Amino acid sequence: DVFTGDALRRIDAVTAAIKGVRGVDSVDSLTTMEDVVMGEGGMPDSRQLVELDHLPTTESEHKALRDKVLSREQIVGNFVSRDGTAALLLAYLADGAPDRLVSRAIHDAVQPVVGDYRVVYGGAPFAGSAIYEETQADVRRLTPIAVLILLGVILIAFRDPLGVVMTILTVAWSAVVVMGLMAALGEPFTAASATLPVILFASGTCERCSSCR
């Protein structure tokens, strides 16, 4: 129940933790939203949707806060679920902020604060970070296998230890030069570029085999 005093204090703490992350511009949550109501004389009056100084301590206060928040159509289904068991925190990243680094920093900032509440991360930065990390894990796991297979092909094709060594050195030097030039020119190291060593090794050994026959 996100309308208990403990849950609201935890939401506010998580909101503050995300705000403190470098690259985050602002955060919207139940504890930062303003509630616009009609005041005296029909004039709109703006106040905090959830007043942190007056969190519910009794059952009647809890029910009153729950009924008030769930009566706001712009809040229900956006920042709180209709059954009141889940709340959304929406973080806005600053222009030019590195998505992958900021999403990782948000995760690291939230986990110590959220306690035993369940957190689900969503949005393009987190999706991109997950794709990158999973791709990197696949590359690290599959690259040694690919290299061993290529070495086996070279040994079968050449049947000459010196030819194998020359092929490996040539292709390894090519990979080092390409990766070094990328770093010198400031090219970003992405999930796709992580496969370059294997691609260069495969194409280089194939050309070497065909030219030496």
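Modeller: Here it is. This is a predicted model. Arg100 lies over the face of a tyrosine ring, 4.0 Å from the ring centre. Ask away.

Biologist: Over the face of which residue does Arg100 lie?

Modeller: A charge counts as over a ring if CZ of Arg is within 6 Å of the ring centre and within 35 degrees of the ring normal. Arg100 is placed at 4.0 Å from the ring centre. The ring belongs to Tyr132.

Biologist: How is the aromatic pair of Tyr121 and Phe126 classed: stacked, edge-to-face or tilted?

Modeller: A search of the whole structure finds one aromatic pair. Tyr121 and Phe126 form that pair, with 5.1 Å from centre to centre and 35° between the planes. Stacked needs planes under 30 degrees apart and edge-to-face over 60. The class is therefore tilted.

Biologist: Is Tyr121 buried, partly exposed or exposed?

Modeller: Buried means under 20% relative accessible area, and exposed means over 50%. Tyr121 has 26%. So Tyr121 is partly exposed.

Biologist: Where is Thr31 found, and is Thr31 buried or exposed?

Modeller: Thr31 is in the loop between strand 1 (24–28) and strand 2 (34–38). Its relative accessible area is 4%. The cut-off for buried is under 20%, so Thr31 counts as buried.

Biologist: With which side chains does the side chain of Thr31 make polar contacts?

Modeller: Leaving aside neighbours within four places in sequence, Thr31 is in contact with Leu8, Ile11, Asp12, Thr15, Gln48 and Leu52. Asp12 also makes a polar contact with Thr31, side chain to side chain, at 3.3 Å. A further side-chain polar contact of Thr31 is at 3.1 Å. The partners are Asp12 and Ser29.

Biologist: Which element gives the largest share of the lining of the largest pocket?

Modeller: The largest pocket has a volume of about 790 Å³. Of its 31 lining residues, the closest to the centre are Ala87, Leu88, Leu89, Val119 and Val120. Helix 1 (5–19), strand 4 (90–93), helix 3 (99–114) and helix 4 (124–158) each supply at least two lining residues. The largest share, six residues, comes from helix 3.

Biologist: What percentage of contacts between residues at least 6 apart in sequence join residues at least 24 apart?

Modeller: The protein has six helices and four strands. From the N terminus, the order is α-β-β-β-α-β-α-α-α-α. Among those contacts, the share joining residues at least 24 apart is 57%.

Conventions: Residues are numbered from 1 along each chain as its sequence is written. This is a predicted model: local features need pLDDT of at least 70, side-chain atom pairs count only at pLDDT 80 or more; totals for chains, interfaces and linings use all residues. Side-chain values use heavy atoms; hydrogens and water are left out. Rings of Phe, Tyr and Trp (its six-membered ring) pair if their centres lie within 6.5 Å; planes under 30 degrees apart count as stacked, over 60 as edge-to-face and the rest as tilted. Buried means under 20% relative accessible area, exposed over 50%, partly exposed in between (1.4 Å probe, protein chains only). A polar contact is a pair of N or O atoms within 3.5 Å; within protein, one must be able to donate a hydrogen and the other to accept it, and residues adjacent in sequence count only if both atoms are side-chain atoms. Contact means heavy atoms within 4.5 Å. On a 1 Å grid over the protein atoms alone, a cavity is a set of points where a 1.4 Å probe fits but cannot get out, and a pocket is an open set with protein on both sides within 12 Å along at least five of seven lines; lining residues have an atom within 4 Å of a point. Grid points are joined across faces, edges and corners, and a volume is the space filled by probe spheres set on the points.
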